[in-house]
Amino acid sequence: MLRGMFKKTTYINITSEVKKEMDTTGSDRENVEIPEGLWTKCPKCGHAVYTKDLEDDLLVCSHCGHNLRMGAPMRLKMILDEGSFKAWDEAIETGNPLDFPGYPEKIQKAQEATGLKEAVITGQGTIGGIPVAFGVMDASFFMGSMGHVVGEKITRMVERATRDKLPVVMYCCSGGARMQEGMFSLMQMAKTSAAVKRHGDAGLPYFSVLTDPTTGGVTASFAMLGDIILAEPGALVGFAGPRVIEQTIGQKLPKGFQRAEFLLEHGLIDAIVERKDQKQVLEKLLRWHMKTPEAVTGGRA
């Protein structure tokens, strides 16, 4: 009769600082019963952070500054002007070109778990009133891997932006090509790259933002082709992962290898931008490169 009336609870071992905040001073209980989802443990420093505060801080840990992974819907809300986004190509369905066993079931499970149809959302919106074609990948859907639908949606977005004379902003986050689709996945590297080249030939800017992680075939194609390449602090960016490289070459890699700071130091990206500043930075870049009248004065459209 009472089933379902109360939130599920979980037990976590919390720090003394959090204990004090929860007013448990003097208690000898090490495990405190709290509602599930009320606190989030930072994967880097291990501190428990109040989830509402974490969301208000754009999923940046207040203790160590670590950028937790952010889903596509939250990215859209963070960067685009409120109510400006219109999705493109939502009706494209993911197939199973190689008849890979269990693949359709895994796609369905990912869709149900995330509320997304695929690992990328594309469409048009505005940033500071400036129209842009906008794409954002989501690591929670198959680790943001690039299959034929992801490649097709990104290609269509860039081609439509070329036709409509729109700049492109692409938020990249991927574990690489999708193994269940074999060559159908790998060919998306060439297809997306060709679309970006035609967009550039038309004199239109393409801004790429690298988030954690950006790896594999996505890194080897459209992610690193931006006219200006930005990255989030601490983002892992590379082709093969550090552990794979170490096992292959039998050597220890430099500290921070393949992190955004390492890439900036070696000239592979243009800047590292905090989440709270990204919309403002993108708006400035758009004004400068689209030669809007407001670019000189810095005013809004």
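## The model

This is a predicted model, where local features need pLDDT of at least 70 and side-chain atom pairs count only at pLDDT 80 or more, while totals for chains, interfaces and linings use all residues. Residues are numbered from 1 along each chain as its sequence is written, and side-chain values use heavy atoms, with hydrogens and water left out.

## Overall build

The protein has eleven helices and eleven strands. Both are DSSP runs, numbered from the N terminus: helices are H or I with at least four residues, and strands are E with at least two.

The protein has 301 residues, and 43% of them count as buried. Buried means under 20% relative accessible area, exposed means over 50%, and partly exposed lies in between (1.4 Å probe, protein chains only). Now take the contacts (heavy atoms within 4.5 Å). Among those with a separation of 6 or more, 65% join residues 24 or more positions apart.

## Salt bridges

How many salt bridges does the structure hold? The structure holds 18. Each is a side-chain nitrogen of Lys or Arg within 4 Å of a carboxyl oxygen of Asp or Glu.

Some of them link up. Asp-89, Glu-152, Arg-156 and Lys-191 form a network of salt bridges.

Glu-93 and Lys-117 pair through their side chains, at 3.1 Å from N to O.

Are the two partners buried or exposed? Glu-93 counts as exposed, at 54% relative accessibility. Lys-117 counts as partly exposed, at 38%.

## Two further pairs

Asp-164 and Arg-163 also meet in a salt bridge, at 3.1 Å from N to O. Asp-164 is partly exposed, with a relative accessible area of 34%. Arg-163 is exposed, with 59%.

Lys-252 pairs with Glu-246 in a salt bridge, at 3.9 Å from N to O. Lys-252 is exposed, with a relative accessible area of 72%. Glu-246 is partly exposed, with 23%.
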